[in-house]
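Please open the model in your viewer and keep the selection tool at hand. The tour goes from stop to stop, saying what to select next and what is there.

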Amino acid sequence: MGRKDSVWSLGDGQPPEDLEKPVENPPLSILLIEKPLSGSISVGGDITFVAKVEAKDLLRKPTIKWFKGKWMDLASKTGKHLQLKESFDRFTKIHTFEMHIIKAKENYAGNYRCEVTYKDKFDSCSFDLEVKDAPEASQSIDIRSAFKRSSEGQDDAGELDFSGLLKHREPKQEEVPEVDVWEILRNARPDEYERIAFMYGITDLRGLLRRLKKTKKEEKKSEAFAKKLEPAYQVDKGGKIRLVVDLADPTVELKWYKNGQEIRPSPKYIFEHKGTQRIMVINNCTMNDDAAYSVSAGDEKCSTELFVKELPVNITKELEDVKTTVNERIELECEVSEEGAQVKWLKNGVEVPTGVRSRFRTKCDGTKHILIIDDVMREDSGTYSLMATGGTTQAKVQIDLKPLVIIQDLSDMTVRLGQPLKLHCEISPGNVPGRWYRNGQLIQASERVTIIHRARNHRLEIESCTISDAGDYTFVPEGYTQKLCAKVHIIDPPKVHLDSLNFPDNTVTIVAGNKLRLEIPISGEPAPRVVWMKGERVILDTGSRVHAETFADHTSLTIDVTEREDTGNYKIVLQNEAGEDTATVKVKVVDIPDAPEAPTVTEVGGDWCSMTWNPPLYDGGSPILGYFIERKKKQSSRWMRLNFDLCKETTFEPKKMIEGVPYEVRVFAVNAIGVSKPSDPSRAFVPLAVTSEPTMLVVDDVTDTTVTMKWRPPDTIGAAGLDGYMVEYCIEGTDEWIRANKELTEKTKYTITGLPTEGKIFVRVKAVNAAGESMPRTTQHSILVKEVVEPPKIRVPRHLKQTYIRRVGEAVNLVVPFLGKPRPKVSWLKEGQVVDPTQVSIRNTDCDSIFFIRKAERKHSGKYEMTVQVENHVDTAILDIQIVDLPGPPQAVRIDEVWGVNVALDWTPPKDSGNAPITGYTIQKADKKTMEWYTCVEHYHRTCITISDLVVGNEYFFRIYSENMCGLSESATVTKDSAVIVKEGLHLKIPEYNDYDFTEAPKFTQPLVNTSAIAGYNATLNCSVRANPRPKIMWMKNKIIIIDDPRYRMFSNQGVCTLEIRKPSPFDGGVYTCKAINDLGEAQVECKLEVKGGFTFYELLQRGVPLHLIDKYMNDSKPAESEKK
């Protein structure tokens, strides 16, 4: 027989222990929109099962699992016979899951399950697969059929087969075994058991391993047995089996065992001897005989397994259909082929519960099986079936109702509110339950409602009736279409329930302008007629602003916009057939108070005022709680509240106002209802304040009859401004203050006249504005009215203590203040001569002298002496005035030498320096062809220069401007001759001369000049040297060679040597030396450099100067400072 290839046969069907568990009903489908359907195929055929899930409400793909039986997941069994596929349609939003079975085999048959999960949702579906057309099976014992769970009730099924309890199918046949599987398993390794079991279609691997563990032992050559027992035997239930062993020694004592217990001879167990054979016969085999048997001969033992196959239980008498009425007793009876057989009763395919509390009872009498149902109901109708291992029988049971007879019908009732209600009816049959309804709503029993059913009597009792208990009552017998009906009418006298409103003294308070809806609970059955009245006027439900409405449980009075006139008593009258009732409700309409009158401002200060007002005429029906005050600037429209806590009084003092700005104020009255409208604004007022007292009152001048006082304005003037000052004096010894100025003076100086000579007075000054007079400022001591002589003193301004320099044409305006009393005499001299008033304008005052030249000329330069004299006291001062102008051009500009592309120029300083030092020269050149001038050098200090980098072949003229502090000279001096730069290649025939020895030792043609520099500004040292061959130039400071110092830059061009000192400090001052050396000798020149603007010790230390150099610098600077002094 070929290998049975099954990739999932190891879990085929449910395990035996799971079959005894009750089958749970599957949940309602919430995910699957198409479930896989059961199907059948032939051996070797293909089949596909499809499940579909709608994904409209799903955020991701659901999870699906395919199972065979209850526990085997087919996801791990996919291969050439099983394929799982899934797809998704984007247009229909449907997931499709498919399971393909390819070339199906017999053991693929069974129950399958599909489970779908998504988050907390779950859905599942079961379906069956039937594989047909299997070949007939041999009746000989086969270990593969004994340990196979998937067979559907074969005649040779082993003890582990429970298929007889499942759906009946036709027996399937298997091929006759061609190999000894037991022999293969005994000789195989344990890790090969599963492969061999799958190869030969054995699915109950656990049972196989359990039996194999007992039987498999290493076979040794037996000394007691010539032939041992077979590994396993099989016998039908009720049949007979012979177990035979052949002994090598017939004299050996032999014992038989069943599950380890020795077997004694009995009618069931018969022992036979035939030569060396020993035989044990087991008669009438039952399921208890299915066990492990062994036989011992001396010290040796051999074992075997006996499998008892239970024959199918057949049905010998079928169930019969039953038709009866409710509350009767029925019995369903059938007979089977075997006594005491296990059967299962089913109703509509579901097993019938037969527990202690169940209405179903089963009875077994030999081969008879009876299902008894006492007191049947209509729900018991259906198809009942009995399932045995050999077949199934079924019968239909129909339960009908008995005809309903109404003995006593329900009757209509009228009940007073609060009284009990009792409804009674009587029907037959008496055991029929029923339901009570009120107005179509089911009535449930409660503490107030009692439902009684005794035999044929049905009663509904309500302890205390309410209005809601009125209506149509219906009793419906269960299972019948007939109904018993009655009407219940509840009556109640009308009543107004004012107590439930909790209004004090039945008074309702409402704010004017609000909507009032007064709902008054009422009761009465039938519904009473309601009338609202105010005085003798009836309020109708058709009113516009005031109207009344009536509902089932209350009546309402509505005033859309309440007014003060709505205050009053409102009467309610109720009437119905059971009586009449009245009630009165008082409505009080309250409102905000009227606006107060315009407030009055009684007093005004610098940033405050005092205001008062009268209470409003009408307080709105509620006491005035206080007032709010607001203010605003007159030109503004924005009001600002001044108090957030209510003002209880009718006076208020606003503060923190801006002085000089007009303001208005207004008032709001407040009661419990709200805030009134604002009052009319007050008259505009302006907060003003007097100024502070004048400051620094001092005596400016005193004569024999006058006193001149001066002072400064007040520190605080205010928005009212300052109109002027009032000066008063008081003669010492009196208390009378005399006003000195009849009209206010705006000046801060005033002379009091008409005073007695040598009298003593006190003086005070007041500042006056629109708000009044300020506090006075008074002299601390008395003033003696007598003139005092004060020696003159000239106070020369600081800028006139140095030479005062101005350019020609500029104005000269000098003010020189002086002191002295009485008024000093002032005179001006120039070079000992009186100043010519036509050249200089001089104007003298009591305290200064003004020196003015409208248009300065160079002749105005010189030293001017100013003399101030008071009686015998004299003071003098000298002013040095220098008038400068542009310089004249340089003199005698000539071309000194021309060589190569270089031209040497020299000249003499200008004759006219412009009354100022010459600060430099500007040298320009021009090509003779174009005569366009170009600047070569600016701000040049020396009177000789070498112009280089000229163009060969051109002819040049040169001109020079002189420069001083006023600028360049107006004209320049041009060289008379031109300098021709000879082109290369042109050779003149020069007479032969003896070669001249041009070699010479270094010689400085222009020495170094002592220079003063300003600290922080670059300084340069220049000199020129002539030598041949070219000398080596070295610079030294204080005899120390300067090498690789970034603060110094050294240049040498055409014999001109330059040393540039970058941003020198006082430390850089000293003696600098320029030394030129060649093979013929050496020469050097020196100069002193003074750097002005010294540094402190701390600044030098911060710059990183060594301490010994700092010490030397500090010591050198001290003598220099002493010399300056």
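Strands in this tour are DSSP runs of E with at least two residues, helices are runs of H or I with at least four residues, and both are numbered from the N terminus. Residues are numbered from 1 along each chain as its sequence is written. This is a predicted model, in which local features need pLDDT of at least 70 and side-chain atom pairs count only at pLDDT 80 or more, while totals for chains, interfaces and linings use all residues, and side-chain values use heavy atoms, with hydrogens and water left out.

**Two asparagines with positive phi**

Begin by selecting N506, which sits in the loop between strand 36 (484–496) and strand 37 (507–511). Although N506 is not a glycine, its phi is positive, at about 55°. With a relative accessibility of 30%, N506 counts as partly exposed, a class that lies between buried (under 20% relative accessible area) and exposed (over 50%), as found with a 1.4 Å probe and protein chains only.

Next, go to N915 in the loop between strand 70 (902–908) and strand 71 (920–927), where phi is again positive for a residue other than glycine, near 65°. N915 is partly exposed, at 28% relative accessibility.

**Salt bridges**

Side chains of opposite charge can pair when their charged atoms come close. A salt bridge here is a side-chain nitrogen of Lys or Arg within 4 Å of a carboxyl oxygen of Asp or Glu, and by this rule the count comes to 47.

Select E86 and K61, whose side chains meet in one of these salt bridges at 2.5 Å, N to O. E86 lies in strand 6 (residues 82–89) and K61 in the loop between strand 3 (47–54) and strand 4 (63–68), so the pair ties together parts that are 25 residues apart in sequence.

Go on to K1039 and E1086, which form a salt bridge with the closest N and O atoms 2.5 Å apart. Because K1039 is in the loop between strand 81 (1032–1037) and strand 82 (1040–1041) and E1086 is in strand 86 (residues 1081–1092), this pair ties together parts that are 47 residues apart in sequence. K1039 is exposed, with a relative accessible area of 54%, whereas E1086 is partly exposed at 39%.

Now select D848, in strand 66 (residues 848–853).
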